[in-house]
Every structure is written in C-alpha cells, then in structure tokens.
Amino acid sequence: MGILLRNIRRLYQVAAGRERCKRGRAMQDAAVIEHAWLLAEDGLVTGLGPMAHLPADAVRHEQVDCSGRLVLPGFVDSHTHLVFPRTREQEFVDRIRGLSYEDIARRGGGILNSMQHCGEMSEEQLLEDGLRRAAEILRSGTTTVEIKSGYGLTLESELKLLRAARRIGELTPLNVRTTFLGAHAIPKAYQHDREAYIRLVCEQMLPAVMAENLADFIDVFCDIGFFTPEETETILRAGAAYGLPAKIHANELGISGGVEVGVKMQAYSVDHLERIGAAEISLLRDTDTVPVLLPSVAFFLGIPYAPARAMMEAGLPLALATDYNPGSSPGGSMPFVMSLACTQLRMLPEEALTACTLNGAFALRMSDRIGSLEPGKQADLILTHPADSISLLPYAYASNLVDRVMTRGSWV
Ligand code: NIG
Ligand code: FE
C-alpha cells in the first residue's frame, strides 16, 4: 500500500519536464501545483496532480491530509564534511579576537588541527558523531547528502572517515554520496616536500580508497595557501584514471585558478566561489560544471558572498549547499542556507529552492532520480508546517518549518 498526500496547499515539484537542472532564469519556476495530491508507492512518486483530478482508486492508500501545508522535494546538500572529528570553537573565538581563517591555518590550526583530532579518534567515534549530525540534518529536511573525507590526511585516517561516511548511508534513511578529499591540506610533515604528499594521495590513498569502493568523487582544495591549479590537475587526473569524477573547492580565499581546472577537467561542480570575476563566470557558461555556492561560509567567516545574481544572469545553474564542517561552517541546515541565499545573495525563494534541490542533485549527477517531485523519481520529500508559500521558509529564518520528512517512500 502506498501513501497518498492529499489537499496539499501547494506542491512544489521544482521540475515537471524531467530537466537535469535549471539554468539562470528557469530557476524561478518551481513547477507549483495548487491544492494538489501526491502518491508515493514502493519508494517512488507514482502520481500527482490537482485534487480536482484525483483518481477515484487513489483513496485505497493510506491517506495524509496536508491542508494548509506545502510539499517540496527533500533538500540535496551536495557539499559537506559531515564526518569530522571535533568542533573547533577555540578558533572561532580567536577569529572574534581578530585572527583570520588564513592566520589560523598558517600557524598549524584549521584543517591541520582537525587532522590531529582525527588521528586520536576511532572509526566508531567518528561514526557516532556523524550519525548525530545525520539525524539533525534529516530533521531540517535534508534527504541526500554528500560527505567528504579530508581531515585524516594519512592513509588510515582517510579510510576511517570514508568508511564512517559510507556507514551513515547504510544506517540512516539519507541518500549518501562520498568524496575523497585527501588533498585538503598539506600535513606538517610534508610541508617541505609537497610532491611527496601528492604522490601519497595519488599512489597510495587513492588505490586503497578505490579497493574498498569508498568514494564516488574526488575533490581538491584548490586555493591560495593550499593546492595550486597544477597540483589540482595532477590529483584529479589520478582520480579520473579510477573513473572518479571531479569536484573542486575553488576561490574561497582568492581567485585560485580552480574554475579553469574544473572546466578543463569537466568537474561535476566547482564549489565556494566567494571570489569570482566575469571571466570565470563566462568560462562556466555552456558547460555542465555546476557552481555550488556555500553562503554559510561567507556568513561564518565574514568574507564576501558569491555574486549569485550575476551568475544566474549569465545563465548558470546554481546549487546551494551547507559545507557542514568544523572550521568554516559548523552547521548543516539547508533552510538557513536558503535564508542566506535570499537575504544576502538576493536569490528569490523559488530560485533558492531549485538550487537546494534539483541543481544540488545535478551537482551529484543524481537528478535522474532525485531533486524534483515527478512520477518515477524517488519519493524524497518534505511536508511543512502550515505555510502559504515557499517564501515563508527563508523568511522565518529561525523557525524549523519542516514537519515531516519522507525518504524513498517512508516517513523518517
Ligand atoms: O569547505 N575550504 C576547505 N575546506 C572546508 C573548511 C575546512 C575547515 O576549516 O575545517 C571548507 O570551507
Ligand atoms: Fe568544503
């Protein structure tokens, strides 16, 4: 028996024509049906439409009255570091006192601080903390999450992080994709021999990760003070030899050259882009490399916000994600990211919704199955508390308006 959601105040399908993603102006159309029904059976959406056309036999299913409430696709958080060792609130206080993120990284804090913590924790402990965060993001409407390694920076610890991430996919209702980010920072021991660390990543970590099938993508932190575009290309080519598509951290700390490498390597996404100019924006045009914006990083670190409107005007398909991590974004709330997108990036609520669902799914190349509510796609959805339109979510920025969450046809 399936579950019939009926009398939905507004159903936001986000896409209704099987689009892989929505670009530019098309992001404003969230494919809304007023006073709607939706049927979920065997994990999939099997039907939907206006109540006036509800098929007579649909009422044999379990029914949920959704009067006055909205239904939308579950959020797709396409960029996180959800499995991380410990929080770093001392660095947060140091930044309040005047140090910058880069100052902290230069004195061995930041990612290298987390690397130290990671070495001290077992896979079980990492998993336990990760599961707590997974439960938290499910409550705020995330149904698909990408999780990166990158705090281990040794063979054993990178495997530990990725195994924990894979287990979160097995133990929770979340759809999980994992990314190998061995090139997140150069460990102290290799600071005078960067090439040796890059060889370790490509020749030892990567084969071991792939032998256990622990990663779906490969990522590099291509930024000022971290990895250069040339190093990034070397590492991504090593990943490509194993069939791993690329994702890149680019332009968080400066114009890094990461966008060029991303386009050249046909990366699925280039992420951050707090600093991006017209030339890089036009480079991304007419490619399938999705710019993933992470506005909670700009909020938390006090750096500039990405120029989302200019990017949409150029016809790009923007995605939004949380970057949940202990240094630059210690939170995994997609509704909060939506609020920042609307208040700081000046995205319309419908644009932000498209960026948090369909376009996030495309950044993971999963939009054939998730990211919109269409017959044949997974029944991953959010039922809100009473609301007239999607605009209430980013507006009521401190309220959790997510009432119930469904993944693959079952309530969480
Ligand atoms: O996406 N920029 C690189 N990596 C993370 C932050 C890592 C950290 O500070 O722990 C990010 O912002
Ligand atoms: Fe990140």
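Colleague: What counts as a pocket, and what counts as a lining residue?
Modeller: A pocket is an open set of grid points with protein on both sides within 12 Å along at least five of seven lines. This model is predicted. For the lining, a residue needs an atom within 4 Å of a point.

Colleague: Which residues lie nearest the centre of the second largest pocket?
Modeller: This pocket holds about 280 Å³ of space. Its lining has 21 residues. Nearest the centre lie G331, G332, S333, F336 and V337.

Colleague: Which helix gives the most to the lining of the second largest pocket?
Modeller: Helix 10 (295–301) and helix 12 (334–343) each supply at least two residues. The top giver supplies 4 residues. That is helix 12.

Colleague: How much space lies in the largest pocket?
Modeller: The largest pocket is lined by 17 residues, and A105, R106, Q191, G225 and F226 are the closest to its centre. By class, the lining splits into 8 nonpolar, 5 polar and 4 charged residues. The space in this pocket is about 370 Å³.

Colleague: Which helix gives the most to the lining of the largest pocket?
Modeller: Helix 2 (101–106) and helix 3 (111–120) each supply at least two lining residues. The top giver supplies 3 residues. That is helix 2.

Colleague: How many residues of helix 13 are buried?
Modeller: Helix 13 spans residues 349–356 and is mostly covered. Buried means under 20% relative accessible area. Among those that qualify are P349, E351 and C356.

Notes:
Residues are numbered from 1 along each chain as its sequence is written. Chains are lettered from A and ligands numbered from 1 in the order in which they are written. This is a predicted model: local features need pLDDT of at least 70, side-chain atom pairs count only at pLDDT 80 or more; totals for chains, interfaces and linings use all residues. Side-chain values use heavy atoms; hydrogens and water are left out. Buried means under 20% relative accessible area, exposed over 50%, partly exposed in between (1.4 Å probe, protein chains only). On a 1 Å grid over the protein atoms alone, a cavity is a set of points where a 1.4 Å probe fits but cannot get out, and a pocket is an open set with protein on both sides within 12 Å along at least five of seven lines; lining residues have an atom within 4 Å of a point. Grid points are joined across faces, edges and corners, and a volume is the space filled by probe spheres set on the points. Ala, Val, Leu, Ile, Met, Phe, Trp, Tyr, Cys and Pro count as nonpolar, Asp, Glu, Lys and Arg as charged, and the others, Gly among them, as polar.
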